[in-house]
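Please have a look at it before I start.

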Amino acid sequence: MSLSEPEHASGSEPSAPAGALPAVAPQLRALRRRASLTLEAAARAAGLSPAHLSRLETGQRQPSLPMLLALARIYGTTVSELLGETVADRGAVVRAADMEPTTAGGWTYWPAGAPGRGMQALRVHVPYGSQGDMVRVHPGEEWLHVLKGRLRLRLGDTEHRLGPGDSAHFDSLTPHRIAAQDPDGVELLFVHTLLQSPTATLCLGPTPGDAP
């Protein structure tokens with residue numbers, strides 16, 4: 001989720017391979033316009049440059065899952081809607097067969113909740129490496145539960161090590177960082193509140209001087 005140029009604070013975001021996440025580009029543009037946000041305002045809220053957001057909207061770059069979560073919060077929607085997934089027929093129960101996996105920037109996630117709610121539930125596989133090393137700050141709450149593997153969770157200046165069966169519930173205004181501790185990555189259940197205001201701020205970036 002980090003970019004070369006002054007697009008983001010660290011690293012570089014890979015270009016989208018042919019056929020990758022084909023529905024994202026038009027959805028990103030349509031949902032930004034629905035939220036009445038200019039390209040510049042939306043990019044600033046997400047910690048991106050307008051040039052990079054424009055590349056996402058034209059399909060020249062592939063967003064990571066943290067980036068999709070960021071934009072979903074800003075636009076007051078879900079990652080599923082950003083991806084153009086048709087989930088309107090789902091009721092209160094989400095069957096395992098309906099949880100189609102999606103990979104974005106190395107992260108793999110399965111929608112685990114119904115659309116149109118005040119929070120979004122996901123089952124997520126976080127790989128070992130830089131894509132799991134983003135520091136985020138935004139309004140709302142997050143809850144996670146480790147299913148498999150070991151997780152490094154930084155809340156403010158404190159780092160916690162979580163194993164299978166461990167959970168965390170925290171205010172998302174606390175700077176937080178989620179990373180897999182082991183090379184095989186970590187699998188977790190993840191629930192976060194959706195923002196109803198499309199102009200709510202969200203800051204993304206690496207922890208200065210922090211090793212992956």
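Predicted model: local features only at pLDDT ≥ 70, side-chain atom pairs only at ≥ 80, totals over all residues.

Which residues of the largest nonpolar core touch the most other members? In this core of 43 residues, they are Leu71, Tyr75, Val124, Leu144 and Leu151, and by a nonpolar core I mean a set of buried Ala, Val, Leu, Ile, Met, Phe, Trp, Tyr and Cys residues joined through side-chain atoms within 4.5 Å. The element that gives the most to this core is helix 4, residues 65–75, with eight residues.

Residues are numbered from 1 along each chain as its sequence is written, and side-chain values use heavy atoms, with hydrogens and water left out.

As for the whole, the protein has five helices and eleven strands, where helices (H or I, at least four residues) and strands (E, at least two) are DSSP runs numbered from the N terminus. Of its 212 residues, 50% count as buried, a word I use for under 20% relative accessible area, with exposed meaning over 50% and partly exposed in between, for a 1.4 Å probe and protein chains only.

Let me return to helix 4, which is mostly covered, since eleven of its eleven residues are buried. Among them are Leu71 and Tyr75, and also Arg73. Just after the helix, Gly76 takes a positive phi of about 65°.

What joins strand 5 to strand 8 and to strand 10? Strand 5, residues 141–148, runs antiparallel to strand 8, residues 167–171, and five bridges join them, with Glu142 having Phe170 as its bridge partner. Six bridges join strand 5 to strand 10, residues 186–193, again antiparallel, and here Val146 is partnered by Leu188. Two strands count as paired if DSSP finds at least two bridges between them.

Now consider strand 2, residues 107–111: five of its five residues are buried, so the strand is largely enclosed by the rest of the structure. In a regular strand the side chains alternate between the two faces of the sheet. In strand 2 both faces are covered, with Trp107, Tyr109 and Pro111 on one side and Thr108 and Trp110 on the other. Strand 2 is joined to strand 1, residues 102–104, by three antiparallel bridges, and Thr102 stands opposite Tyr109. Strand 2 also pairs with strand 3 in the antiparallel sense, over four bridges, where Pro111 stands opposite Leu122.

Finally, which residues line the second largest cavity? They are Leu65, Leu69, Trp107, Val124, Val126, Arg136, Ile178, Leu188 and Phe190, and helix 4, strand 3 (119–126) and strand 10 are the elements that give two or more residues to this lining. The lining divides into eight nonpolar residues, no polar and one charged, taking Ala, Val, Leu, Ile, Met, Phe, Trp, Tyr, Cys and Pro as nonpolar, Asp, Glu, Lys and Arg as charged, and the others, Gly among them, as polar. A cavity is a set of points on a 1 Å grid over the protein atoms alone where a 1.4 Å probe fits but cannot get out, and lining residues have an atom within 4 Å of a point.

Conventions:
1 Å grid on protein atoms, 1.4 Å probe; cavity = no way out; pocket = protein on both sides within 12 Å on 5 of 7 lines; lining within 4 Å.
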